[in-house]
Amino acid sequence: MNMYNIILKKREGKALTKEEIDFFIGGYTKGDIPDYQVSALLMAIYFQKMNHEETYNLTNAMKYSGEVIDLSPINGVKVDKHSTGGVGDKTTLIAAPIAAACGVPIAKMSGRGLGFTGGTIDKLESIAGFRTALSKDDFIDNVNKIGLSIISQTEELATADKKLYALRDVTATVENISLISSSIMSKKLALGSDAIVLDVKCGSGAFMKNFQDAYDLAKVMVDIGKADGKKTIALITNMDQPLGRAVGNSLEVIEALDTLKNQGPDDITQLALVLSGYMIYAGGKSATPHGGRDMALNALESGRALEKFKELIEVQGGDSKIIDDYSLFPQSSYIKEVYALSEGYINSIDTELIGMASLNVGAGRKRKEDAIDLSSGIVLNKKAGDYVEKGSQIATVYGSIKNIVDEVAKQLEKAFNIENSFKEPSKLILSVID
Ligand code: URA
């Protein structure tokens, strides 16, 4: 068996066998197969796709490419949550402390930004001192201590995914149902939580642009989770505009903190409540998702969720003074306003363009070794459905390099589609699959 023939077979649209998939994942994990051959295979998979059996075999090969973690030292039903990736999606920072405050143990490994979407780990690193690389024992101890820990994916967990994720990010091979589902589910299964709540994003700021693709992705992931004996629920949620107003690492953590203080934007608050409601239900703390949402609302309104987030910061070495003093976040040196080019209703927002603009201003990576400017990003002053006058402020760009900030502000003018008649923005939760 050799890699050339595997690439050729997939390029011609044929299904790969379990042995061929195991060969490619095993060889890439060990460093025996170079990035350029894997890039070619990823592109062939992107165009020719994989069937259900190949996707299942790929997920398992990736799951066993590293360590499979035993979370049994943690009492209770451990619930994991994962988003397929969006723009301004800071839901984990809100939903995880809410669910933990309701007694659901959350042992979560999160990722970094991918393509035009952000990642929870990059966001958390904008809190000075916050350690995302903990040992497995510290991770488990923290969950036993405070009911919550969020760490970055270790080299040992789904090792193949860590390498593939970074390679896909820079080879335009992210948006494929088999590659996304195997990437997400291999990590979820290797981590060993008892239940998984998936937030499958759909729309102009998601990898899945239309409902059918998002539904297919959700269904594949739910089937893989169930085949592994885990309670798995997927929500398909709207990503036709950024969630909340902030896009970019520290800007998003500030917005998540505002939300935990009951002062956040309505869309992110509602989504976090519904998702944490499902997490509470999946964790057996409520008989229904609706009852879970009521418990979530109580945890939010009472301040218990904010308190849990504070405990999380402290237990992972961060400075919790940041909760009350946002000046402790990294600060941008250049700020530029973006103004509406015409008058009317904002009927749609090119959310991928906003994600790319945020990446261009420094909040994401263009190459896998790039460092991130944690202070940079975009704040939307107006959202879909809003009426704007010509020349009124619609967004603000934050960054460190003046000419890049100016350039990104120019790009952003085109992200807002302003029309004469009003169009109702699409709803937030599109479907639930369980
Ligand atoms: N999130 C992941 O973990 N993997 C993907 O491929 C996309 C989003």
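Me: Two strands count as paired if DSSP finds at least two bridges between them, and strands themselves are DSSP runs of E with at least two residues, numbered from the N terminus like the helices (H or I, at least four residues). Which residue of strand 11 is then the bridge partner of tyrosine 334?

Reply: Strands of a sheet pair through backbone hydrogen bonds, either parallel or antiparallel. Here the partner of tyrosine 334 in strand 11 is glycine 399, and that bridge belongs to the antiparallel pairing of strand 7 with strand 11 (residues 393-399), which six bridges hold together. Before reading further, note that this is a predicted model, in which local features need pLDDT of at least 70 and side-chain atom pairs count only at pLDDT 80 or more, while totals for chains, interfaces and linings use all residues. Residues are numbered from 1 along each chain as its sequence is written, and side-chain values use heavy atoms, with hydrogens and water left out.

Me: In what order do the four strands of the open sheet stand?

Reply: The order is 6-9-11-7, with antiparallel pairing. Strand 6 (246-247) and strand 7 (334-339) are the edges, and each has a single partner strand, so one side of each lacks a neighbour in the sheet.

Me: What is the order of the open sheet of three strands?

Reply: That sheet runs 10-8-12, again with antiparallel pairing. Its edges are strand 10 (387-388) and strand 12, each with a single partner strand, so one side of each is left without a neighbour in the sheet. Strand 8 (residues 344-349) pairs with strand 12 over four bridges, where isoleucine 349 has phenylalanine 416 as its bridge partner; strand 8 also pairs with strand 10 over two bridges, where the bridge partner of tyrosine 345 is tyrosine 387.

Me: Which residues of strand 12 lie on the covered face, and which on the uncovered one?

Reply: In a regular strand the side chains alternate between the two faces of the sheet. In strand 12 (residues 416-419), Phe416 and Ile418 make up the covered face, whereas Asn417 and Glu419 make up the uncovered one.

Me: How many residues of strand 3 are buried?

Reply: Buried means under 20% relative accessible area, exposed over 50%, and partly exposed in between, with a 1.4 Å probe and protein chains only. Five of the five residues of strand 3 (residues 148-152) are buried, so the strand is largely enclosed by the rest of the structure. Leu148, Ile150 and Ser152 point one way and Ser149 and Ile151 the other, yet all of them are buried.

Me: Is phenylalanine 47 buried or exposed?

Reply: Phenylalanine 47, which sits in helix 3 (residues 35-48), counts as exposed at 58% relative accessibility. Phenylalanine 47 is 45 residues from asparagine 2 in sequence, and their C-alpha atoms are 21 Å apart in space.

Me: How many helices and strands does the chain have?

Reply: The chain has 16 helices and 13 strands. Its radius of gyration, taken over C-alpha atoms, is 21 Å, close to the 22 Å that the globule rule (2.2 Å times the number of residues to the power 0.38) gives for 434 residues, so the chain is as compact as a globular protein of that length. The C-alpha trace spans about 65 × 45 × 40 Å along its principal axes, and buried residues make up 58% of the 434 residues.
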